[in-house]
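Here is a short briefing on a structure. Keep the sequence and the 3D view open while reading.

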Amino acid sequence: MGTSKKDVFIIADNVYTPIGITTQQNFEQVKNGVSGVQKHDRPDLSDVPIAASIFNQDQIFVPGEHTYTKFEQLLIASIIDALSHTDIKVDDPKTGLIISSTKGNISLIETEENNEALQKRISLNTSAQLIAKHFGFISQPIIISNACISGVMALVTGMRMIQSGRYDQVVIAGADVISKFVVSGFQSFQALSAERCKPFDKNRNGLNLGEGAATVILSGDEKYRGNIRVTGGGISNDANHISGPSRTGQELGDAITKAITNAGVKAEDIDLISAHGTATHYNDEMEAKAITHAGLQNTRVNGLKAFYGHTLGAAGLIETVLTKQCMEQNTLIPTLGFEEMGTAPLNITTAVSKAEIKNCVKTASGFGGCNGALVLSK
Amino acid sequence: MSAQKQHITSSCIISENTVYKNERQIFAQPDVEHGVFLLAIYQHFELNYPKFYKMDNLSKLGWLASEVLLKDSFDKSKYQPEEIGIVLTNANSSLDADIKYWESVQDIASPSLFVYTLPNIVVGEICIRNGFKGEDALYITPQFDAAFLQQQVSYLLCNNILQACICGWVDVFGDEYKAALFLVEKSDGGVEFGVEDLNRIFSI
């Protein structure tokens, strides 16, 4: 089963965040313990100061004359850098484009008059068409908006589209922007920490929000053999609650197991898990149970939300690219903010160290009860 | 490995104040606004699910369509919970709920409104109601895209990721709304799960 599956290689990528605008910059910053999460007094975002990882207000992402929104500029800037590392043709009908975002251009609702033109401008369809046109993609963009698992789902979707022969290569880009709309919503759930978040820690008290973008380019071309591969994916639903995670973690655990089976490996082959780790009480507890359920309780786990905050639809992509860096450099990165185990026991990374890493799992969970997992392999 | 073909074993369209099941009109209430119509469907089919009243219009529409779709047409005991999944598409994401949430923020932000500012919540509502735990997805497409839908769902069934899938279109914005749900199973009977039939039923 699965032995004749086509291999899908990561051939280029980018991470574009407040702490760096290339993958390499981001990985160096994380290794050096630099976090993007700072306290901000920004009345345009929140009536009270918040801890978040956000860009400077005057930062330019795409210079020159244009009408792209901040969300679209982030996508464009990230895709430009990723494309610069490959020679793939975007105007090839066998090149796919997948856009992942949780809230896209929703910030426009805060400042613009609500009319039909604005509603069209907010639509993810509009953004996707603009991005496709900017670069000259000719295939119809695929848009995934599946809460906080969007990025992981976009990668799984891209992998399958190459395996099924629909595309030869796929550009997968995700971004989200932090605005009052999003901040107020998470505040209403009392989900935000006033300090930098503490994934899996005993004293964790909520998440930080973050903005950023990331791009991953996948190809089925054998000339990339030797690159890190996306080898498996699994997606499930808790069928329990629209805004609270499963009590048992069984469904995320099942998604992890499905991804591992799909990848043709076994739980004992997994060397590292890049967890969702939002640092809310319920998410991290559920995730620890899920990881245990999948038989990975002794496997090393990292969580990167204290570096980036929760970047929503970009999170799965950003964290997957950093995991790929860990594999290439055989380097573990720490779970900033974690000090003392605050969930079912896991093997949480706490420092930069060397280790041979052959197979990794990336997980995500979100509102609506959705769970996603993917496997990266050397 | 099952060699059975994929068939549409049930369909439900809710559009223009009319409900169709398997291409037959089964309920209509002209000349009422769509919030009233959604409640009328709930009452007409004698549904009893208090969570319905808390849902936004997108979730109400999708949930009602799924109830009509599955009623007397689906034997869920044939499947494990993780073998049944949902793939939905729409054009307007959760914009209807987004606008209502943002209007409410001027007073006080409400978590019960904010949670519906995600287009995949309707998927979660249907999963909760029926205990479906398989793969799900929400894609944004400019209009109903039968070829894309067929391709995504067919992949999940062919690769045995799912054995049954509820799929289709659930879109709400302002006064405009439409749901078109299809139950796709590996079976000997039913309507062929192909682009032509999807489009024909969609535009009934």
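In strand E7 of chain B, B:Lys186 is the bridge partner of B:Gln6. This model is predicted: local features need pLDDT of at least 70, side-chain atom pairs count only at pLDDT 80 or more, and totals for chains, interfaces and linings use all residues. Residues are numbered from 1 along each chain as its sequence is written, and chains are lettered from A and ligands numbered from 1 in the order in which they are written.

- Strands here are DSSP runs of E with at least two residues, and helices are runs of H or I with at least four, numbered from the N terminus.
- Two strands count as paired if DSSP finds at least two bridges between them.
- Strand E1 (residues 6-15) of chain B runs antiparallel to E7(B), with 9 bridges joining them.
- E7(B) covers residues 176-186 and is also joined to E6(B), by 10 bridges in an antiparallel arrangement.
- Strand E4 (residues 84-90) of chain B runs parallel to E6(B), through 6 bridges.
- One partner pair between them is B:Gly85 with B:Cys165.
- How many residues of E6(B) are buried? In this strand (residues 164-173), 9 of the 10 are.
- E7(B) is mostly covered too, with 8 of its 11 residues buried.
- A residue is buried if 20 or more other C-beta atoms lie within 10 Å of its own, exposed if 12 or fewer, and partly exposed in between, with C-beta atoms placed from the backbone.

**Chain A as a whole**

- Chain A has 11 helices and 16 strands.
- Its C-alpha trace spans about 55 × 50 × 40 Å along the principal axes.
- Buried residues make up 62% of the 378 residues in chain A.
- Of the contacts in chain A between residues at least 6 apart in sequence, 79% join residues at least 24 apart.
- A contact means that two C-beta atoms, placed from the backbone, lie within 7 Å.

**Helices H2 and H5 of chain A**

- Two packed helices are described by the angle between their axes and the distance between the axes.
- Helix H2 (residues 70-83) of chain A packs against H5(A) at about 35°, with the axes 10 Å apart.
- Axes are lines fitted to C-alpha atoms, for helices over the stretch in contact, and angles run from 0 to 180 degrees between N-to-C directions.
- The crossing of H2(A) and H5(A) is right-handed, meaning that the near helix is turned clockwise from the far one by less than a right angle.
- From H2(A), A:Phe71, A:Glu72, A:Leu75, A:Ile76 and A:Ile79 meet A:Ser127, A:Leu130, A:Ile131, A:His134 and A:Phe135 of H5(A).
- By class, this contact has 7 nonpolar, 2 polar and 1 charged residues.
- Ala, Val, Leu, Ile, Met, Phe, Trp, Tyr, Cys and Pro count as nonpolar, Asp, Glu, Lys and Arg as charged, and the others, Gly among them, as polar.
- Why does A:His134 count as partly exposed? Because A:His134 has 17 C-beta neighbours inside 10 Å.
- A:His134 and A:Ile76 are 58 residues apart in sequence, yet 8.1 Å apart in space, C-alpha to C-alpha.

**A three-stranded sheet in chain A**

- Strands E2, E3 and E7 of chain A form an open sheet in the order E2-E3-E7, with mixed pairing.
- Strand E2 (38-40) and strand E7 (209-210) stand at the edges with a single partner strand each, so one side of each is left without a neighbour in the sheet.
- Strand E3 (residues 50-53) of chain A runs parallel to E7(A), joined by 2 bridges.
- A:Ser53 has A:Gly210 as its bridge partner in E7(A).

**Where chains A and B meet**

- 35 residues of chain A are in contact with 36 residues of chain B.
- H7(A) gives the largest share of the chain A side, 5 residues.
- By class, that side has 16 nonpolar, 16 polar and 3 charged residues.
- E5(A) and strand E5 (residues 136-140) of chain B run antiparallel, joined by 2 bridges.
- A:Ile143 stands opposite B:Ile140 in E5(B).
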